[in-house]
Structures are given as C-alpha cells and as structure tokens.
Amino acid sequence: QVQLVESGGGLVQPGGSLRLSCAASGSIFSINTMGWHRQAPGKQRELVATTSTIGTTNYADSVKGRFTISRDNSKNTVYLQMNSLKPEDTGVYYCSYYSRGLYWGQGTPVTVSS
C-alpha cells in the first residue's frame, strides 16, 4: 500500500502562482511514476503532468510553459509549480503514484479567481 498526502492548494488571483506538494509513504518502489491530475466541477479528471524516477516528464498541452513538475526521490515527494494561473485551472488537484498499482491522494482544491 502507498499513502499520498498533498498540500499547497488554495485561492489565487489570475496570473498568480501556487506550488503543490505530494509526499508518498508506504511500499515505495525505486522505479515509479508520480504525477498530478485535476478535476474541475462537472468535468472528468484529467492529466496535468507526470514524472518518473528515470527522468521522463509529460504535460498536458493546456499547462505546458506554465506548470513545472519536479520530484525529490530522497523524500518520495513530487511538486507542481503552477505559474500564470488561469480561471480554467480551477479544480481539485490529485496526486498519483504508479508502480505495481495505482494510488491517489485525497486531493487539494485550487481556485483561480479575482
């Protein structure tokens, strides 16, 4: 089992920045992929960004150039730096961990509004 704990969400004005963190604990394997997905009200959950322990990253087209995903393998933690936030970035952001199973965090809300 893997547990994921997210932090860093909140309310921010358009054009602002937020940094999300997600710490994984439990049965962590050395090769894994961690990432962020989001779910806006009334919409399906969608991929935001992922990063693997072998160095690959993947971003949704809608966040390329604005969001940066990074990780600290020594802490089993993944981060999402979100810049130039837009109202359409509003939603609940979920951390994910994949290796011999898929696990989700409880989600942290992000609201972009003036």
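Author: We start with a definition: a disulfide is a pair of cysteine sulfur atoms within 2.5 Å. The model here is a predicted one. In it, the sulfur atoms of Cys-22 and Cys-95 lie 2.0 Å apart, and these two residues form a disulfide.

Reader: How many disulfides does this rule give?

Author: The count comes to one disulfide. Cys-22 belongs to strand S3 (residues 18-26) and Cys-95 to strand S9 (residues 91-98), so the pair ties together parts that are 73 residues apart in sequence.

Reader: Is the link of Cys-22 and Cys-95 left-handed or right-handed, and are both cysteines buried or exposed?

Author: The link is left-handed, with -85° about the S-S bond. To read burial, one needs the cut-off: buried means under 20% relative accessible area, and exposed means over 50%. Both Cys-22 and Cys-95 are buried.

Reader: Which secondary structure elements does the protein chain have?

Author: The protein chain has eleven strands and zero helices. Its pattern along the sequence is β-β-β-β-β-β-β-β-β-β-β. The radius of gyration is 13 Å, close to the 13 Å that the globule rule gives for 114 residues, so the protein chain is as compact as a globular protein of that length. The C-alpha trace spans about 40 × 25 × 20 Å along its principal axes.

Reader: What share of the residues in the protein chain is buried, and what share of the contacts joins residues at least 24 apart?

Author: Buried residues make up 42% of the 114 residues. Among contacts between residues at least 6 apart in sequence, 52% join residues at least 24 apart. As for the surface, the protein chain exposes about 6000 Å², of which carbon and sulfur atoms supply 49%.

Reader: Where is Thr-51 found, and which residues is Thr-51 in contact with?

Author: Thr-51 is found in strand S5 (residues 46-52), and with 5% relative accessibility it counts as buried. Leaving aside neighbours within four places in sequence, Thr-51 has contacts that include Asn-32, Met-34, Ile-69, Arg-71 and Val-78.

Reader: Where is Arg-100 found, and does Arg-100 count as buried or exposed?

Author: Arg-100 is found in the loop between S9 and strand S10 (102-104). At 72% relative accessibility, Arg-100 counts as exposed. Arg-100 likewise is not a glycine and has a positive phi, of about 60°.

Reader: How far apart are the mean positions of the positive and negative charges?

Author: The protein chain has 10 positive and 6 negative charges, and their mean positions are 4 Å apart.

Terms used
Residues numbered from 1 in each chain as written. Predicted model: local features only at pLDDT ≥ 70, side-chain atom pairs only at ≥ 80, totals over all residues. Heavy atoms only, no water. Helix = DSSP H or I, 4+ residues; strand = E, 2+ residues; numbered from the N terminus. Buried < 20%, exposed > 50% of the residue type's maximum accessible area, 1.4 Å probe, protein only. Contact = heavy atoms within 4.5 Å. Rg over C-alpha atoms; globule rule 2.2 N^0.38 Å. Areas by Shrake-Rupley, 256 points an atom, 1.4 Å probe, with all protein chains shown as cover. Lys, Arg positive; Asp, Glu negative; His and termini not counted. Charge placed at Lys NZ, Arg CZ, Asp CG, Glu CD.
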